[in-house]
Amino acid sequence: MADDERLGDDEITEKLENLQIWSRSGEKLVTCVEFDDYKQSAFFANTVFTLAESHFHHPEVKVEYGAVEIDLWSHDVEGLTERDFELAEEIEQKVGEIKWS
């Protein structure tokens with residue numbers, strides 16, 4: 001399967017089992033990462049933007065005081081593809097690298 005082909009429900013369910021911080025909402029992968037303050041949220045959001053740009057992917061990212069919400073999906077197929085899961089895995093890896101206080 002090509003990276004840009006829309007995944008079926010069974011494939012999505014199987015791939016979600018390998019992710020810890022993501023869930024499915026309709027045709028999107030969603031997560032919310034909480035921080036102690038706005039500055040940490042903004043720095044993490046910039047990390048997400050950098051990763052997304054390296055994949056030429058453009059998730060919805062909402063930065064709040066103490067939280068970053070991320071919605072991932074492939075606009076061109078109006079659903080989830082392998083690309084979404086690859087980016088989700090990289091974002092999850094960055095969350096795992098955070099030195100939480």
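Q: Where is Pro 59 found?
A: This is a predicted model, and in it Pro 59 is found in the loop between H2 and E3.

Q: Is Pro 59 buried or exposed there?
A: Pro 59 counts as buried, because its relative accessibility is 15% and buried means under 20%.

Q: Buried or exposed, then, for Phe 56?
A: Phe 56 counts as exposed, because its relative accessibility is 61% and exposed means over 50%.

Q: What is the phi of Glu 78?
A: Glu 78 is not a glycine, yet its phi is positive, at about 55 degrees. The residue sits in the loop between E4 and H3. Glu 78 is exposed, with a relative accessible area of 60%.

Q: Changing topic: how many aromatic pairs does a search of the whole structure find?
A: The search finds 1 aromatic pair. Its members are Phe 35 and Phe 44, whose ring centres are 5.3 Å apart.

Q: What is the angle between the planes of Phe 35 and Phe 44?
A: The angle is 40 degrees, and the pair is described as tilted. The term applies because planes under 30 degrees apart count as stacked and those over 60 as edge-to-face, with the rest tilted.

Q: Are those two, Phe 35 and Phe 44, buried or exposed?
A: Phe 35 counts as buried at 11% relative accessibility. Phe 44 also counts as buried, at 5%.

Q: Now the charges. How many salt bridges does the structure hold?
A: The structure holds 8 salt bridges. In general, side chains of opposite charge can pair when their charged atoms come close.

Q: Which residue forms a salt bridge with Lys 15?
A: The partner of Lys 15 is Glu 82, and the closest N and O atoms are 2.8 Å apart. Lys 15 is partly exposed, with a relative accessible area of 25%.

Q: And which residue does Lys 28 meet in a salt bridge?
A: Lys 28 meets Asp 71, at 4.0 Å from N to O. Asp 71 belongs to strand E4 (residues 67-72) and Lys 28 to strand E2 (residues 28-34), so the pair ties together parts that are 43 residues apart in sequence. The relative accessible area of Lys 28 is 26%, which makes this residue partly exposed.

Q: What does Arg 24 form with Glu 27?
A: Arg 24 and Glu 27 form a salt bridge, with 3.2 Å between the closest N and O atoms. Both count as partly exposed: Arg 24 at 29% relative accessibility and Glu 27 at 28%.

Q: Which residues are linked with Arg 24 in a network of salt bridges?
A: The network links Arg 24 with Arg 6, Asp 9 and Glu 27.

Q: Which residues form the negative surface patch?
A: The patch is formed by Asp 4, Glu 5, Asp 10, Glu 11, Glu 14 and Glu 17. One of them, Glu 5, lies in the segment before helix H1 (9-16). Glu 5 is partly exposed, at a relative accessible area of 39%.

Q: Last one: where is Glu 86?
A: Glu 86 has its place in helix H3 (residues 82-97). At 27% relative accessibility, Glu 86 counts as partly exposed. From C-alpha to C-alpha, Glu 86 and Ala 67 are 22 Å apart in space, and they are 19 residues apart in sequence.

Conventions: Residues numbered from 1 in each chain as written. Predicted model: local features only at pLDDT ≥ 70, side-chain atom pairs only at ≥ 80, totals over all residues. Heavy atoms only, no water. Patch = residues over 30% accessible without salt bridge, like charges linked within 9 Å, V, L, I, M, F, W, Y side chains within 5 Å. Areas by Shrake-Rupley, 256 points an atom, 1.4 Å probe, with all protein chains shown as cover. Salt bridge = Lys/Arg side-chain N within 4 Å of Asp/Glu carboxyl O. Lys, Arg positive; Asp, Glu negative; His and termini not counted. Charge placed at Lys NZ, Arg CZ, Asp CG, Glu CD. Helix = DSSP H or I, 4+ residues; strand = E, 2+ residues; numbered from the N terminus. Buried < 20%, exposed > 50% of the residue type's maximum accessible area, 1.4 Å probe, protein only. Phe/Tyr/Trp six-rings, centres within 6.5 Å; stacked < 30°, edge-to-face > 60°.
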